[in-house]
Amino acid sequence: GADVPQDQKAGWTSFIKSLAHMTGDLSSMTAPPFILSPVSLTEFPAYWAEHPEQFAEISQGTTEEERMERVLRWFIATLKGQYTTRNEKMGSEKKPLNPVLGELFYGKWPDTNGRGETDLIVEQVSHHPPITAYYIENKKAGVALQGHSGQKTSFTGTSIYVKQSGHALLKVALKAGGEETYLITLPKLRIEGIIWGSPYIELTETSAIVSSTGYSAHIEYKGKGYFSGKAHSFKAVLSRGSKTVQTYEGQWTGVSTIGGHKGPVFYDADAVPKQEVTVKPVEEQGEWESRRLWQKVADGIRGGDYETAGKEKSLIENEQRQRRKDEAAANTTWPLRRFTHIEEDPEYEQLAAVIHDKTQPTTEDAYVFKGYEEEEKAAA
Ligand code: 0T9
């Protein structure tokens, strides 16, 4: 535990020991203060749109193949934000705040150059297990992403293995009329560096993007010591039916190339700065909105006042427990505000059938965005 503060070494050791007994859900486990992040998991879907120009440009591709390539480029471009931001901002991966049921996160990326505004709506749709649903749309560009995300975690002895559950569907409206759908599956994660107290993520195994046009991309992830010898590497094969159309390889944190490592640049993660989501000031947020809900806890964590952070967190958790008891007594359940839960997603089933990965479920549930509320329409 070289990176663990002296006074938290015992706490870190017992946290690691408790990982061995974990049963799939790490989010509710207590961890020492140095590893706590002041950011809730409901904020994470914003990573999908930190390159709003690439998101918008998907619909401008002139052929099915070009649009598929643009979807892949946008997807690769999101990975650095999704999986390395906490290391860059806070020095290591940190334990996010565990969202409460019904927690909301709203944000947008303003229209700066006529490409249209990108809107983000997130809701915590389950607490146990934690599941986050999101909807991201650039109406003007005709591009919308709807998805949900959960995690199943296990401890290997030295690293935490994370299987993501859920999927996302990207809808692209074509200028000439009609619509394409892209199923996006989620990579598996390995959280390394635990014993030193400086966790970081490496992606592993595969994920896929499958289009209603018949194009698909299968992406393989490798860390140090594999095909390029570099950390955070991937190889993607774009195909149509059973025919390979193109390959892409490199680092999702850096440069990737088309058709072999000497080919032209596909994407350079360092050349394109990310744009962070803009959020209303906390004072103007509703009481279920993440930054307002967690404000006192987050202030405590940021300011090193862990006693206040802990007390405020307990207040929120006790209030939640009481709500669940009251609901059980009244034989009611918490109503979802922005999404409708569906048990089966026929679009998922159809597109997932193309994926070779045996661990990808053939059927999954989903959360369908209910549509904008009146104030949102008025503000747009
Ligand atoms: C969806 C993403 C996900 C959420 C996070 C595993 C993790 C919770 C889920 C998968 C996003 O699109 C992408 C990025 C990071 C993932 C988190 C990394 C992480 O460590 C947490 C888990 C629950 C922990 O907090 C483990 C404690 C940790 C600090 C290691 C000791």
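For this tour, Ala, Val, Leu, Ile, Met, Phe, Trp, Tyr, Cys and Pro count as nonpolar, Asp, Glu, Lys and Arg as charged, and the others, Gly among them, as polar. The model is predicted, so local features need pLDDT of at least 70 and side-chain atom pairs count only at pLDDT 80 or more, while totals for chains, interfaces and linings use all residues. Residues are numbered from 1 along each chain as its sequence is written, and side-chain values use heavy atoms, with hydrogens and water left out.

**The ligand and its shell**

The ligand is surrounded by 22 residues, and Leu 26, Gln 82, Arg 86, Lys 95 and Ile 191 are the closest. Taken alone, the ligand exposes 630 Å², of which the protein buries 96% (Shrake-Rupley method, 1.4 Å probe). By class, the shell comprises 14 nonpolar, four polar and four charged residues.

Colour the secondary structure next (DSSP runs: helices, H or I, of at least four residues; strands, E, of at least two; numbered from the N terminus). At least two shell residues come from each of helix H1 (9-19), helix H3 (64-90), strand S2 (95-97), strand S6 (143-155) and strand S7 (160-165).

Then display the side chain of Gln 82, where a polar atom lies 2.6 Å from an oxygen atom of the ligand.

**A salt bridge**

Move to Asp 357 and Lys 188, whose side chains form a salt bridge at 3.9 Å, N to O (a side-chain nitrogen of Lys or Arg within 4 Å of a carboxyl oxygen of Asp or Glu). Asp 357 is in the loop between helix H7 (346-352) and strand S18 (366-369) and Lys 188 is in strand S10 (residues 188-192), so the pair ties together parts 169 residues apart in sequence. The structure holds 21 salt bridges.

**Two backbone stops**

Select His 128 and Pro 129, which are joined by a cis peptide bond with omega about 0°. Pro 129 belongs to the loop between strand S4 (118-126) and strand S5 (131-138).

Finish at Glu 205, in strand S11 (residues 200-211). Glu 205 is a residue other than glycine with a positive phi, near 65°.

How values were computed:
A residue is near a molecule or strand if one of its heavy atoms lies within 4 Å of it. A polar contact is a pair of N or O atoms within 3.5 Å; within protein, one must be able to donate a hydrogen and the other to accept it, and residues adjacent in sequence count only if both atoms are side-chain atoms.
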